[in-house]
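Dear colleague,

A summary of the findings comes after it.

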Amino acid sequence: MKSLGSIRRAFAPWNDPGAKPYIHFDKVTKKFGDFTAVNDLSLAVYEREFFALLGASGCGKSTLLRMLAGFEEPTSGRIMLDGQDLAGIPPYRRPVNMMFQSYALFPHMSVEKNIAFGLKQEGMPKAEIDKRVAEMLKLVKLEPFAKRKPHQLSGGQRQRVALARSVAKRPKVLLLDEPLGALDKKLREETQFELMDLQQELGLTFVVVTHDQEEAMTMADRIAIMDKGQVMQVATPAEVYEAPASRFVANFVGNVNMFEGKVAERSGSSVRITGGTGAQIMVENAGEAAKDADVAFAIRPEKIRVSSKRPADAVNALQGEVYDIAYLGDMTVYHVRLDDGQMVRAATMNATRVVDDPLTWDDKAWISFRPDAGVVLTQ
Amino acid sequence: MTNVALPAADTATAAQKPLPARLAAAFVSRLVIIVPYVWLLFFFLIPFLIVFKISLSTTAIAMPPYAPVLGFGDGISGFIDGLKQLSFDNYVWLTQDALYFNAYITSVIVAGISTFLTLLIGYPIAYGMARAPASLRPTLLMMVILPFWTSFLIRVYAWIGILKPEGLLNQLLLGIGVIQEPLIITNTYTAIFIGIVYSYLPFMVLPLYSSLEKMDHSLIEAAQDLGCQPIAAFWKITFPLSIPGVVAGCLLVFIPAVGEFVIPDLLGSSRTLMIGKTLWTEFFTNRDWPVSSAVAIILLLVLIVPIVFFQNAQARAQEAGR
């Protein structure tokens, strides 16, 4: 069986036509004065989903989150949560909790008081609060730090306190605003997996806002890629990466090489694309690009082979010369300047310690790729 | 391998710098700390000692009006004779006349009530300023400081014009029919409270503003997100976090208010007994420098002891829960 990208878990309510969305943004617009932060946006998130809103700063993703939390009201449109219209419900009555980017830990309260804060507001009996707080401390592995104040903790520990505080009330939805933004790279990678485990363990619906695509790809079941207040594509990480819907998405997520051209010939699902300077590219499963349409062929660097000679079996091969080489340890990235001047980025996994066909700066080189290695984009 | 040893050799030479050079370097780094201490020595400690010495003298019809005048005109033995004449009689006198004790108590109470009123009025102002759009804040700040550009005396005088029976306030209230008889405000404690609150409001607002302004608004959002209504969020988050500003503002108002002389003199009645006025009377009317110096020294102790105690407590609290 073939699959697009690797499969993580068999959870795909979005493919089930009978499934009811848990959170539903229905034609939501949010304006701040003249500025439109969110523009006629519709989006469905399903129960127990780990959903990521990915976009550059100012794309409206945080506004979307804040509208869900109740800190902003939509200018028009509706937001439904579990069948309930959220309009007019203040933040302190919404069954959602948020983990803030700055963590927003109360500096004058100890770790356990911070975690207990929301439960106290609920009027939960003290014995139960203590039990829940202990449970939360165990969950985030902070039992020895219960009595400490936030300023006595490291960045990673503070992040976990913020997390424990926001899940302590067992909200219907947990909103995470750049949850790992303040952590260093190594800690961030560890915490990504911790967050995923936590979500599985608690069975909550997570909506995370991030500008870090790696973070979104690692954690989320589905990603919504946003730009200028609109959703460009909603799909699983693998679909977003391997089958981007547009040039914007292809460019935004990961590295990509883009060849602009025209569809010269179409037979079945395969097309032949002619580039500006006559380069020919054969693509299988090319979607619905019609003959003579202006299209872009997008291919990821790791799907391109670099060699000193043209591989005999190659369907698509273009000639150029090595312009730059970056050796990253696990892989080597080549920048190859094609004869028509276009720069191509190719990444080769360093699967062996000894390289058979070494290339160096200014060497003549061929780049080659399979006809199903890239996608044809019409938008 | 030899290269590796080089940096170690470098540090060795650094440690073996000649002693004078190291002393000079240490001196320069200390100089920064020495400057404020020298300032305090010359403009606080030495004047304090002079006043303290006068408080131990006796009055004399002379110039200056006290004896002994310590000096070396009669040699060392004359100086020692002078020292022998000093006594704590003036302090004993302060305890024997209830006037002084009452004046201290009244001053502390008046200053305490005024400080509380200033906090009550200043907090909402500071809060509003801190929540105002960032572009508006410098203007608001300017408006708080603006009254300082007019003479303090003139501003207090102006209040007489406003508060007196035929003054602006009474005319306004009579005009709109709220009252039938003019209110008697001048020459009462109410007038003193109004004067102190008005004059010292900026000293309350500024530290409050600075502690409220730097507070992260997402803390309030977090509290609301966790189910806290806005008013409860204020008392559970905003207010506790602004306590350093509250303390600083209260001290800045309370300390000068205790020794305040101009406001009770102009706005209060002649019967108003406050320590600043007592001190003034002793000094200028009775020309009793030694007693007025003793009054001043006691006033200083009355103020300093609780403040030092309070600041220590606060420093410890801050150490524990920043």
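The notes that follow concern two sheet regions of chain A and then the contact between the chains. Please bear in mind that this is a predicted model.

In chain A, four strands form an open sheet in the order β2-β1-β4-β5, with antiparallel pairing. Its edges are β2 (35-45) and β5 (84-85) of chain A, each of which pairs on one side only. Helix α1 (residues 61-69) of chain A packs on this sheet and touches β1, β2 and β4 of chain A, its direction making about 115° with that of β1(A). Within the sheet, β1 (residues 23-32) and β4 (residues 76-81) of chain A are joined by 5 bridges, and A:I23 stands opposite A:L81.

Strand β8 (residues 205-210) of chain A is mostly covered, with 6 of its 6 residues buried. In a regular strand, side chains alternate between the two faces of the sheet. In β8(A), A:T205, A:V207 and A:V209 lie on one side and A:F206, A:V208 and A:T210 on the other, and all are buried.

Two strands of chain A pair with β8(A) in the parallel sense: β3 (residues 50-54) over 5 bridges, and β7 (residues 173-177), also over 5 bridges. A:F50 stands opposite A:F206, while A:V173 has A:T205 as its bridge partner. From β7(A) the chain passes through helix α5 (residues 185-202) of chain A to β8(A) in a right-handed β-α-β crossover.

Between the chains, 16 residues of chain B are in contact with 19 residues of chain A. On the chain B side, α10(B) gives the largest share, 6 residues. The chain B side divides into 7 nonpolar, 5 polar and 4 charged residues.

With kind regards

Terms used:
Residues numbered from 1 in each chain as written. Chains lettered and ligands numbered in written order. Predicted model: local features only at pLDDT ≥ 70, side-chain atom pairs only at ≥ 80, totals over all residues. Contact = placed C-beta atoms within 7 Å. Nonpolar A, V, L, I, M, F, W, Y, C, P; charged D, E, K, R; others polar. Pairing = 2+ DSSP bridges. Axes fitted to C-alpha atoms, helices over the stretch in contact; angles between N-to-C directions. Buried ≥ 20, exposed ≤ 12 C-beta atoms within 10 Å, placed from the backbone. Right-handed = clockwise from strand over helix to strand, strands pointing away.
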